[in-house]
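Q: Please take a close look at a single part of the structure shown below. Then relate that part to the rest of the chain.

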Amino acid sequence: QSIKCYICNSVVQPACGIPFRKAEQQPQECLHGFVNHLSTTMGMESSSILNMSFACMKIVFSDESGRTLTMRGCTFAKKEYGDPCPMTNIINNMTGGGTNVDYCGVCERDLCNGSNSLSSAVPSVIVMTYIGIIILS
């Protein structure tokens, strides 16, 4: 059985930001949507993804003008790839220091990315982070 997470970003859906308005979001099961996303965008074999554990994530970015972007979604569980949050420093380097990752967290319970904070694999965080940079630009 797969974990359920909120999957949204605050640029497209302001209710995804902080404060988070859960009633306006539709939780999604990570397995099917995430498998389709990875197999399509990253060329990964769907059969190999089906055996992996998933988690929920939340990342909050800000730029120099003070705009913020909150992204919530699915990722691989820490045990699959380790903690991806230290890799968010790459984003600051990629943007020439113009984008900060203010918060990055990964949790492994249903709908745990639906709070205004979290109690962190790698491929999806980087992809979603890159999308966030493009949206903020």
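**A pair of strands and its surroundings**

A: Val60 has its bridge partner, Thr70, in E5. The model is a predicted one, in which local features need pLDDT of at least 70 and side-chain atom pairs count only at pLDDT 80 or more, while totals for chains, interfaces and linings use all residues. Residues are numbered from 1 along each chain as its sequence is written, and side-chain values use heavy atoms, without hydrogens and water.

Strand E4 (residues 54-63) and strand E5 (residues 68-76) are joined by nine bridges in the antiparallel sense. Strands pair if DSSP finds at least two bridges between them; helices (H or I, at least four residues) and strands (E, at least two) are DSSP runs, numbered from the N terminus. E4 and E5 belong to an open, antiparallel sheet of four strands, ordered E2-E5-E4-E6. At its edges lie E2 (8-9) and E6 (99-107), each pairing on one side only.

The largest nonpolar core has eleven residues, among them Phe54, Cys56, Cys74 and Phe76. Such a core is a set of buried Ala, Val, Leu, Ile, Met, Phe, Trp, Tyr and Cys residues joined through side-chain atoms within 4.5 Å; buried means under 20% relative accessible area, with a 1.4 Å probe and protein chains only. Helix H1 (30-41), E4 and E5 each give two or more residues to this core. A second, separate core of ten residues includes Ala55, Phe61, Met71 and Cys85.

The chain as a whole has five helices and six strands, and 47% of its 137 residues are buried.

Terms used: Buried < 20%, exposed > 50% of the residue type's maximum accessible area, 1.4 Å probe, protein only.
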